[in-house]
Number of protein chains: 2
Amino acid sequence: MNVTIVGATGEAGLSVINALTTSPNEFKLTAFVRPASIDKPEVEQIKRKGVSVVAINLENNHDELVKALTGQDVVISTLVPFFVGPEIALATASKEAGIKRFIPSAFGPPCPPSGVMLLRELKETIINHVKKIYLPYTVIDVGLWYQVSLPSLPSGKIDYALKFPANVIAEDGSHSTSITDLRDVGRYVARIITDERTLNKYVFAYNEVWAQEQIYSHLEKASGEKIPRNLLPTKDIEVTIADAKVKYDEGDKSLPFIFGLAGPQYLYCEWFRQDNLPECAKYLGYLSTKDLYPDFEPIKYMDYVDEVIQGKGKSIYANR
Amino acid sequence: MNVTIVGATGEAGLSVINALTTSPNEFKLTAFVRPASIDKPEVEQIKRKGVSVVAINLENNHDELVKALTGQDVVISTLVPFFVGPEIALATASKEAGIKRFIPSAFGPPCPPSGVMLLRELKETIINHVKKIYLPYTVIDVGLWYQVSLPSLPSGKIDYALKFPANVIAEDGSHSTSITDLRDVGRYVARIITDERTLNKYVFAYNEVWAQEQIYSHLEKASGEKIPRNLLPTKDIEVTIADAKVKYDEGDKSLPFIFGLAGPQYLYCEWFRQDNLPECAKYLGYLSTKDLYPDFEPIKYMDYVDEVIQGKGKSIYANR
């Protein structure tokens, strides 16, 4: 199976590459990289894993893109969806090249299509384009990554692994969310893209469901440290989001405005509204990997926490 | 089962009322009608069928609406979706009243969520609101009604039954679309709202698939008249739509602008793009009534055509 991945040097992209290059199924992997990024060390790293790297622009480059995609079976986008243009161009060219399955960039929490998260709305814009041109697709969401689920410890000893420490608790800590080890994301993708049952469907891939207070209590027990609780009522985060929304709407839609809004909206979706739960995903039309792949053995959250405490964890976006 | 219908005096609404009031299943029917419309003859007509009529406004009337909906099981909207406010208010109140299933106004062709038809986009705005509040729902689309599928005859003898004669042929007439007798719409709804398999799903209810040239040839044979072919290339309707879109965007979004755009877009979706086909509906995530209800006996298209030729047809929107 010929698989092209775009966004290969991001965290989700690397997880997919690691899984596909070590899978017992035969995947022939190609990564599309912007010409400007071709000399980056991350690109060298994926080449060493046996991935063919193609330097190519996505926008205003339709014919070259169609040619480069011809003969590919699956196209996976792990692009950050801050700007929809490049991925829409990729989808249009994929349709013309006869791609058998397009994986738009999702890899986050299941979430209603509009009114909750700007990033979801941007992703939906791309998904809607995919549907308009009847490009075969699978939307894969994976919940909250283990790697962004832990609060920091007072000693600072796990800070090395926490690029984004989860130091805010929604309400009283009783709210739950679905969590997945980033390293399992690629393993799920390897299953899903070779499974006819998931064609033109949404799939929710997740490992475990934890309440926020459970995570804090477990980390306290495993670390022997007492962690302060920074409780935040729903109305407070709603005010923060409303303020960020005003700034975004009035601003130039550049990255700082997107991050200012996307950050609190992620918390709101995952921990306050609790969209990121299996029953919500089911309502929203997702198939579940628990039903599809009952034999799949995910990395256990408790093992991940042990790794982090033992200094064996790994920060995401370590090079940024 | 307590069922409230909103938009009861429209064509889809009347079909639903006719089916539910004559169904062997027990439905207790209530129709919400605007206070301004309460004395219309159509309202008197549905009262005579045993429907309880409640005069109530949908917008800016949340508490009264919740009270009126409390105890209802199913809410069906057959409102025209030109303005989304009333139906969004209805959905919000339905959630608070604990409605078990909300049927948003669809009852048209399956269609990608955006970029094809303004009316679909307006419907999607309502569906997205339903999803945001996790209101249990079923979207029911029914394809093109038999009642708007026929061209007029040179003799004028079937004009009495054709409010909107289908006098334009897409391309060479080889394109197909799914068609359904308006009188069957309600019968499908009666099945769907009592079926747990359709909860939080999209359902495509259709009777038959016909190519446009087949329809013309059949009508010629059945009537003995020769019908001229008014062929329209795709690029021409795209120009018409682009012009109407400019007028809509620059205009005040009032009904004439909506109709000016919606008319050619319906043709485009149903006959040119051929979104309204079972395989497209399947791609877009719809269940099919052919799979769900193999025992359902729809009115045959040929029988409908015979009725119309024999003077026994009925125009839609006859009173408008």
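**Reading labels off a two-chain model**

Modeller: This is a predicted model. On chain A, F83(A), L255(A) and F259(A) make a nonpolar surface patch of about 290 Å².

Colleague: Why is F83(A) called partly exposed?

Modeller: Its relative accessibility is 47%. You'll find F83(A) in the loop between β4 (74-77) and α4 (85-96) of chain A.

Colleague: And what makes D275(B) buried?

Modeller: Its relative accessible area is 0%. Buried means under 20%, so D275(B) is buried. D275(B) sits in the loop between α9 (255-272) and α10 (278-283) of chain B, and it touches residues including Y134(A), P110(B) and C269(B).

Colleague: How do you know how much area chain A and chain B bury between them?

Modeller: Buried area is the accessible area two parts lose on being put together, summed over both. Here that comes to about 1,700 Å², with 56% of it on carbon and sulfur atoms. K132(A), Y134(A) and Y283(A) supply 47% of the area chain A buries against chain B, more than any other three residues.

Colleague: What kinds of pairs cross that interface?

Modeller: The rule finds 10 residue pairs in polar contact, but zero salt bridges.

Conventions. Residues are numbered from 1 along each chain as its sequence is written. Chains are lettered from A and ligands numbered from 1 in the order in which they are written. This is a predicted model: local features need pLDDT of at least 70, side-chain atom pairs count only at pLDDT 80 or more; totals for chains, interfaces and linings use all residues. Side-chain values use heavy atoms; hydrogens and water are left out. Helices (H or I, at least four residues) and strands (E, at least two) are DSSP runs, numbered from the N terminus. Buried means under 20% relative accessible area, exposed over 50%, partly exposed in between (1.4 Å probe, protein chains only). Contact means heavy atoms within 4.5 Å. Patches are made of residues with over 30% relative accessible area and no salt bridge: like charges are joined within 9 Å, nonpolar side chains (Val, Leu, Ile, Met, Phe, Trp, Tyr) within 5 Å. Accessible areas come from the Shrake-Rupley method with a 1.4 Å probe; for residues, only the protein chains shown count as cover. A salt bridge is a side-chain nitrogen of Lys or Arg within 4 Å of a carboxyl oxygen of Asp or Glu. Buried area is the accessible area (1.4 Å probe) that two parts lose on being put together, summed over both. A polar contact is a pair of N or O atoms within 3.5 Å; within protein, one must be able to donate a hydrogen and the other to accept it, and residues adjacent in sequence count only if both atoms are side-chain atoms. Lists of a residue's contacts leave out its neighbours within four places in sequence.
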